[in-house]
Amino acid sequence: MTDLTAFARDKGVKYFMISFTDLFGGQRAKLVPAQAIAEMQEDGAGFAGFATWLDMTPAHPDMLAVPDPDTVIQLPWKPEVAWVAANCVMEDQEVAQAPRNVLRALVAEAAKEGLRVKTGIEAEFFLLTPEGTEISDPADTAAKPCYDQQAVMRRYDVIAEICDYMLELGWGPYQNDHEDANGQFEMNWEFADALVTADRHSFFKFMVKSVAEKHGLRATFMPKPIEGLTGNGCHAHISVWDTSGTTNAFAGDGGGQIGEVGLSEQGGYFLGGIMKHAEALAAITNPTVNSYKRINAPRTLSGATWAPNTVTWTGNNRTHMVRVPGPGRFELRLPDGAANPYLLQAVIIAAGLSGLRSKADPGPRHDIDMYAEGHMVTDAPKLPLNLLDAIRAMDADTELKAMLGAEFSTAYAKMKRQEWDSFVSHFSHWEREHTLDI
């Protein structure tokens, strides 16, 4: 275990950010001077849970965020500060609804069955003007801007700085590109154990926003920040290994349509769990009102949304909810940029373990272009049309809720219903424009 006091002394760190992520993906932190970190490492930093997006009241006792010292990261852009992920505790008990705790519990559940889930994510984001109303590069106007060489080089200072930091941190970044929307970028780093990926995903979002602000820009992972443009996805690549991490349990010939794409029988069952719980998954993988402007979007300016709206799987075909690009892994294309880094990984493991235990059938493989021929698939469920439908689907999925934990599932559904109620009670400009004279 890393001694944070020694870390501060050796690295010249003056302050630690003890950080946790709430139910809505909000990153919360206390800035702790290095002289006080020994006590905080032992007992945790105190928070009022009610003041964040957790299902608590002002009457609840202090919630303590106990740092996981092995996650400590010295901020490459501000080396006198270090960030450390924390686990939330209240009255000596882990807070069951806290997202990192939910994920840790499911990682442990998979380990009981001799399995180790490894994942990678494709984090997409826009670089906007400081007001957040338009893309920051006025010259980024191509009809098909994906991989645009000139456009990515005009934002070289931002992208290269972030990539340099990931190289410094040892994450193994391997490619960066201008994405399918004007003003949109994607950065990729190597896959790892699910909890490591979640911690890195959480820190990545913080880092991207911080570096963008440093350059006078605003970065957003919002699913659909610009009307008519492709939204921000957060595709997850999933494989499952033995506990040593050396044998890929997903790789092999599982027979039939599963074996043809290089998945083992276990891989097929895990995929079956994802397909079985897909409609409920959406409440977590697509957690905001805005999310459904991405997965149910009309064709964008580039000609495709790159997002699914039907529960289907395929081989190496990007028009489906799940793609199997090669042996031993698959890509879940449902999640968007608003997904909570910890809950995203947790719900993947929960659904997959459910599939393994029930030997779930993933259903038929469809190898058609879903954007052009999706109307021909009449037997596959549709993904939710809005956040309320997703919450209802999750609430009805008792098996998935049990896998995620009763306290978390109740808290999450309650808080998300409140968010929906807040949205529908809001009077919009559209309503006045279209119904004032009805």
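Predicted model: local features only at pLDDT ≥ 70, side-chain atom pairs only at ≥ 80, totals over all residues.
Figure 1. Residues are numbered from 1 along each chain as its sequence is written, and side-chain values use heavy atoms, with hydrogens and water left out. The residue Glu 91 sits in the loop between β6 (81-90) and β7 (93-94); helices (H or I, at least four residues) and strands (E, at least two) are DSSP runs, numbered from the N terminus. Although Glu 91 is not glycine, its phi is positive, near 50°. Most residues other than glycine have a negative phi.

**Figure 2. Lys 359, in the loop between α11 and α12 (370-373).** The phi of Lys 359 is positive, about 50°, although the residue is not a glycine. With a relative accessibility of 58%, Lys 359 counts as exposed.

**Figure 3. Lys 214 in helix α6 (residues 194-214).** Lys 214 counts as exposed, at 52% relative accessibility. When residues up to four places away in sequence are not counted, Lys 214 touches Glu 161 and Tyr 165; contact means heavy atoms within 4.5 Å. From C-alpha to C-alpha, Lys 214 and Trp 77 are 9.4 Å apart in space, and in sequence they are 137 residues apart.

**Figure 4. Asp 164 in helix α5 (residues 156-169).** The relative accessibility of Asp 164 is 46%, so the residue counts as partly exposed. A separation of 9.1 Å lies between the C-alpha atoms of Asp 164 and Pro 76, which are 88 residues apart along the chain.

**Figure 5. The largest nonpolar core and the surroundings of Leu 404.** A nonpolar core is a set of buried Ala, Val, Leu, Ile, Met, Phe, Trp, Tyr and Cys residues joined through side-chain atoms within 4.5 Å. The largest one has 124 residues, and the members that touch the most others are Phe 16, Phe 204, Met 207, Met 321 and Leu 404. Helix α11 (residues 341-358) contributes the largest share of this core, 11 residues. Apart from this core lies another, of six residues, including Phe 126, Ile 135, Ala 181 and Ile 226. Beyond its neighbours within four places in sequence, Leu 404 is in contact with Val 102, Leu 106, Ile 284, Ala 346, Val 347, Ala 350, Met 394 and Ser 409.

Figure 6. The secondary structure comprises 16 helices and 16 strands. The protein is as compact as a globular protein of its length, because its radius of gyration, 22 Å, is close to the 22 Å that the globule rule gives for 438 residues; the radius is taken over C-alpha atoms, and the rule is 2.2 Å times the number of residues to the power 0.38. Along the principal axes, the C-alpha atoms fill a box of roughly 65 × 50 × 50 Å. Of the 438 residues, 57% are buried. Among contacts with a separation of 6 or more, 70% join residues 24 or more positions apart.

Technical notes:
Buried < 20%, exposed > 50% of the residue type's maximum accessible area, 1.4 Å probe, protein only.
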